[in-house]
Amino acid sequence: MRHSTRRGLLAASTAATAAAALALAGCSPSAPAPGPSGDVTNPGFEPLTSIRLQLQWLPQAQFAGYYVAQEKGFFQEEGFTDVEIVPSGGDIVPQDALLAGDVDFAIAWVPKVLGSIESTGTELTDIAQVYQTSGTTQVSFKSNPVPTVADFEGKRIGSWGFGNEWEIFAAMAAEGLDASTVSITTQGFDMSALLNGDVDAAQAMTYNELAQLFETVNPATGKLYGPDDVDIVFYEDTQGAMLQDAIWADTARLAEDPAYADAAVRFLKAVVKGWAYTNEHVEEAATIAYDAAVAGGGYPVGPVHQLWQANEVNKLIWDGGDFGVVDANAWARTVDGALTAINQDGLHLITKEPPASAYDNQYILAALAALKADGFVVPTSYTPIQVELTEGGR
Amino acid sequence: MRRALPWILGALGVVAVAALWELYKWLGPADGVVLGATAGQAGSGFRILPRTGDLNMPHVWDMFERLAAGNGPGTPPLWLSVLAAMGVTLGCAALGLALGLVVGFALALLMQRSRIVEWGVLPWVIVSQTVPLIAFAPIIARIGSQIDRGGFPWPGWLSVAVIASYLAFFPVAVGALRGLRSPDAIHVDLLRSYGAGYGQTLRKLRLPASVPYLLPALRLAAASAVVGAVVAEVSIGMPGGLGRMIIQFAQSASADPALPYGPVFGAVVVGLLAAGSVALLGLVLRNYRRGEAVA
């Protein structure tokens, strides 16, 4: 066991974290300093012990790191007695729930929150960019190939809508293509639109819908569809790629409430540990996520599907850099895409640069520094495993 | 024999639907029927009949076979999960129906008592049903979570029940109002000539007279409560019930086409149970059911 568990030393770890946050705040000009006024032994606030995290979808291995942190007691190690992970999957919009004060932190895609920030004039801060690369793809059958973004024109392109479509338009805008020539068709949460030929290319996350496709029996061969049957446009390889799952916090509350800023750093420490565990024990993490989803009254796709998902999201998280630190280039690419993308109705996602407070690395850097001080080694890369998919993910 | 006939006919009806499904699947065109399609253009035209492949129309026996299978090794069979979800949804719908009955009947009593109240309230009762459930549900959930933060625990199922009651109270209020108003003027005058007050007139005349109107209204309300509960579960994201199960299984619909029919069957059974409980109530109140009106 190389995690240094420090149960009972809550005060010390809180103080150390706060000190690290303070030290880092000194070299971050953009954001207000979180934490106490400098008195390390007496932080001057009551540390938060109970927080709520809003997910952006139903419980599944996409969120394995948080469930692992819950299951393995990493939140307790950072001084939280009660962490509630709130699923979405209905009409709950994570950034709205965060702004309404229903939850303390929320997981959401960057472009969706940028759209919310501009349209509502509110402020939220990306405190950790969990997924460093985009997991969105556009998949088509080899029999009716749409192998590149340049082939989109004149085709029926599937998307889930609800802000999931902007990478398509950003990628097309970057290639100088006219979005009004594609017809965007709303697809369901399964792959039947592609299988039925209702769309020429369907939107699919590497970690979810792509697996659903490869869990489907090809009626022509009687075997499961495989990568050889399809062409896949990975948005990560295009200029349209946008940053996805990030942890968002309330900007004003970070600035005004030192207990919240302190909780943000401790929360991120536990999250880093959770995802690090998911990196090193992908099968166990997938099982934990599946069990948590079932225990929460959910009906997730089977265990094999969850293992595929945990494996794929690990690839998006561990791209060689530091966990959760917003890469300025990827951020700029996301903002550029959001500014230039014009949808089929001629609308923009955002029309001006987001405020500087839209992301702030100081909290994740403080968390990583505190973990390093604890002797915890955070991985930076991931060695993928081979997952053999089964029919229906069962 | 006379007793058994409705049951036999009901069962035959179910078999007929299954037979029709299989017949169309067997005889229908593989790509369904689409009007005004442009050749070579994916997804164009207006579809009037579905495709018949296993992906879009799984065999009826596959649906039942799927009910017996689990989600993977060591997981419970589907029918067991469906049964548990049915329990959750039925509970929410029943509570919603009870709330709707109380609120709807109270409104009907008030409206019957005073024309002013009727003029003031009835338009709002009708307008209330034009508010889309998906707009209304998150508001209830949000108010609930704010009450929760205030110290009083507000569980998700209570939000679902309140939303179900929002659909259920409407037919009750309208039906009960008509029922309470249904006694002829000569009957009301007779009681007045006996010197009966409001309470006595209500007990002896208006309540019994309202039963033939109330029972059909309750049947509508029970069905609405079930629909409301399922939609509310989806909308506020409450786990455990049929609504969540349907939306989550929809994700697997292409890879496991028979799967989503499990909770659909569950919802049908819950609806039948809800309507059946109203029929039981009708048995209890059978003395008052002379000349039942259509709501």
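This is a predicted model: local features need pLDDT of at least 70, side-chain atom pairs count only at pLDDT 80 or more; totals for chains, interfaces and linings use all residues.
1. **The five-stranded sheet.** In chain A, 5 strands form an open sheet. Their order is β2-β1-β3-β10-β4, and the pairing is mixed. β2 (82-86) and β4 (124-128) of chain A stand at the edges. Each has a single partner strand, so one side of each lacks a neighbour in the sheet. Neighbouring strands are turned by 30° against each other on average, direction ignored.

2. **The β1-β2 pair.** Strand β1 of chain A covers residues 50-54. β1(A) and β2(A) pair in the parallel sense, over 5 bridges.

3. **A buried strand.** Strand β5 of chain A spans residues 136-141. Of its 6 residues, 5 are buried, so β5(A) is largely enclosed by the rest of the structure. The cut-off behind "buried" is 20 or more other C-beta atoms within 10 Å of the residue's own.

4. **Partners of β5(A).** β5(A) pairs with strand β8 (residues 202-205) of chain A in the antiparallel sense, over 4 bridges. Here T136(A) stands opposite M205(A) in β8(A). β5(A) is also joined to strand β9 (residues 230-234) of chain A by 5 bridges, and these two run antiparallel. The bridge partner of T137(A) is F234(A) in β9(A).

5. **Geometry of the helix pair in chain B.** Two packed helices are described by the angle between their axes and the distance between the axes. Helix α8 (residues 198-236) and helix α9 (residues 242-250) of chain B have axes that come within 7 Å. The axes cross at roughly 60°. Angles from 65 to 115 degrees would count as roughly perpendicular, and those under 35 as roughly parallel. α8(B) and α9(B) are therefore oblique to each other. The crossing is right-handed.

6. **Contact residues of the helix pair.** α8(B) contributes V230(B), V231(B), E233(B) and V234(B). These meet L242(B), G243(B), R244(B) and I247(B) in α9(B). By class, the contact has 5 nonpolar, 1 polar and 2 charged residues.

Terms used. Residues are numbered from 1 along each chain as its sequence is written. Chains are lettered from A and ligands numbered from 1 in the order in which they are written. Axes are lines fitted to C-alpha atoms, for helices over the stretch in contact, and angles run from 0 to 180 degrees between N-to-C directions. Angles under 35 degrees count as roughly parallel, over 145 as roughly antiparallel, 65 to 115 as roughly perpendicular and the rest as oblique. A crossing is left-handed if the near helix is turned anticlockwise from the far one by less than a right angle, and right-handed if clockwise. Two residues are in contact if their C-beta atoms, placed from the backbone, lie within 7 Å. Ala, Val, Leu, Ile, Met, Phe, Trp, Tyr, Cys and Pro count as nonpolar, Asp, Glu, Lys and Arg as charged, and the others, Gly among them, as polar. A residue is buried if 20 or more other C-beta atoms lie within 10 Å of its own, exposed if 12 or fewer, and partly exposed in between; C-beta atoms are placed from the backbone. Two strands pair if DSSP finds at least two bridges between them.
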